[in-house]
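Q: I'm new to this one, could you walk me through it? Let's begin with whatever I need to know before the numbers make sense.

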Amino acid sequence: MPSGVTQFQSTVVSPDGTRLYMSDHDDADPSEIHVFDTHTNLFIESITFGAGDASGSVSSSGIVVHPNGEKLYVVANHGDTYVYAIDLETKQVTNIDYTTDSSFKLWDAAITPDGNRLYIDQGADNDTVAMIDTATDTWVEDIDVVDARYVAITPTKVAGHDYLVFVTAETFDNKDLTIIDTDDNAIVEVVLGAGGGNVEVTPDATK
């Protein structure tokens with residue numbers, strides 16, 4: 001096991017099923033993603049990121065692996081908030097620039113199955129979901145979603161739409177579910193009271 005870990009936050013498995021990536025939610029400079037072999041359950045390595053960032057203390061919250069297995073995306077929500085792209089072969093870390101606010105508290109992320117777009121919730125303080133173009137790792141636009149907290153995307157396109165993004169709110173006053181069409185990033189529907197926590201979509205995209 002890696003040393004000095006205080007709490008794991010999120011996990012994601014590589015597309016080929018051989019690696020498990022776990023985010024370390026500990027405030028540290030630099031922070032780390034811990035990698036395990038899924039066949040042997042043995043710890044392989046820790047990938048560092050965030051060294052020298054302005055806050056001097058960041059923690060990994062949401063993590064997403066690209067469908068081609070070559071990149072890992074990390075969002076951090078302590079201190080100054082960041083979005084990172086990590087090349088899993090070279091371990092090179094890119095800090096993705098995007099519109100920012102000191103109150104941002106990034107929490108969760110999801111990537112479209114074609115690997116083209118990354119959606120990141122930007123917390124109750126900012127009330128938006130950011131879309132990032134993964135071909136260039138650049139911010140494209142913000143989508144207004146009140147109290148955005150967790151995000152998931154359908155594994156297939158849905159009739160009459162492109163992929164659908166589901167965003168849940170989780171505050172004392174708001175537990176709504178917002179549905180976004182990735183074709184134009186328009187909000188399809190807001191289901192009142194249907195949010196409130198983490199969200200997943202079934203493999204057949206029906207539920």
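A: A word on terms comes first: a residue is called buried when its relative accessible area is under 20%. Please also keep in mind that this is a predicted model.

Q: Okay, what share of the chain counts as buried?
A: Of the 207 residues in the chain, 47% count as buried, and the accessible surface comes to about 9,700 Å², with 48% of that belonging to carbon and sulfur atoms.

Q: How many helices and strands are there?
A: The chain has 16 strands and 0 helices.

Q: Which residues touch the most other members in the largest nonpolar core?
A: That core has 15 residues, and those touching the most other members are Y21, I33, L72 and V74; the elements giving it two or more residues are β3 (31-37), β4 (43-49), β5, β6 (71-76) and β7 (82-87). There is also a second, separate core of 13 residues, which includes Y119, I143, V151 and I180.

Q: And what does V74 contact, leaving aside its neighbours within four places in sequence?
A: With those set aside, V74 is in contact with I33, F49, S60, G62, I63, Y82, V83, Y84 and I86.

Q: Switching topic, what volume does the largest pocket have?
A: Its volume is about 590 Å³. Of the 24 residues that line this pocket, V64, A109, A110, V151 and E200 are the closest to its centre, and β1 (8-13), β5 (60-65), β9 (109-111) and β13 (148-153) each supply at least two lining residues.

Q: What's the lining like by class?
A: The lining of the largest pocket has 16 nonpolar, 6 polar and 2 charged residues.

Note on methods
Residues are numbered from 1 along each chain as its sequence is written. This is a predicted model: local features need pLDDT of at least 70, side-chain atom pairs count only at pLDDT 80 or more; totals for chains, interfaces and linings use all residues. Side-chain values use heavy atoms; hydrogens and water are left out. On a 1 Å grid over the protein atoms alone, a cavity is a set of points where a 1.4 Å probe fits but cannot get out, and a pocket is an open set with protein on both sides within 12 Å along at least five of seven lines; lining residues have an atom within 4 Å of a point. Grid points are joined across faces, edges and corners, and a volume is the space filled by probe spheres set on the points. Helices (H or I, at least four residues) and strands (E, at least two) are DSSP runs, numbered from the N terminus. Ala, Val, Leu, Ile, Met, Phe, Trp, Tyr, Cys and Pro count as nonpolar, Asp, Glu, Lys and Arg as charged, and the others, Gly among them, as polar. A nonpolar core is a set of buried Ala, Val, Leu, Ile, Met, Phe, Trp, Tyr and Cys residues joined through side-chain atoms within 4.5 Å. Buried means under 20% relative accessible area, exposed over 50%, partly exposed in between (1.4 Å probe, protein chains only). Contact means heavy atoms within 4.5 Å. Accessible areas come from the Shrake-Rupley method with a 1.4 Å probe; for residues, only the protein chains shown count as cover.
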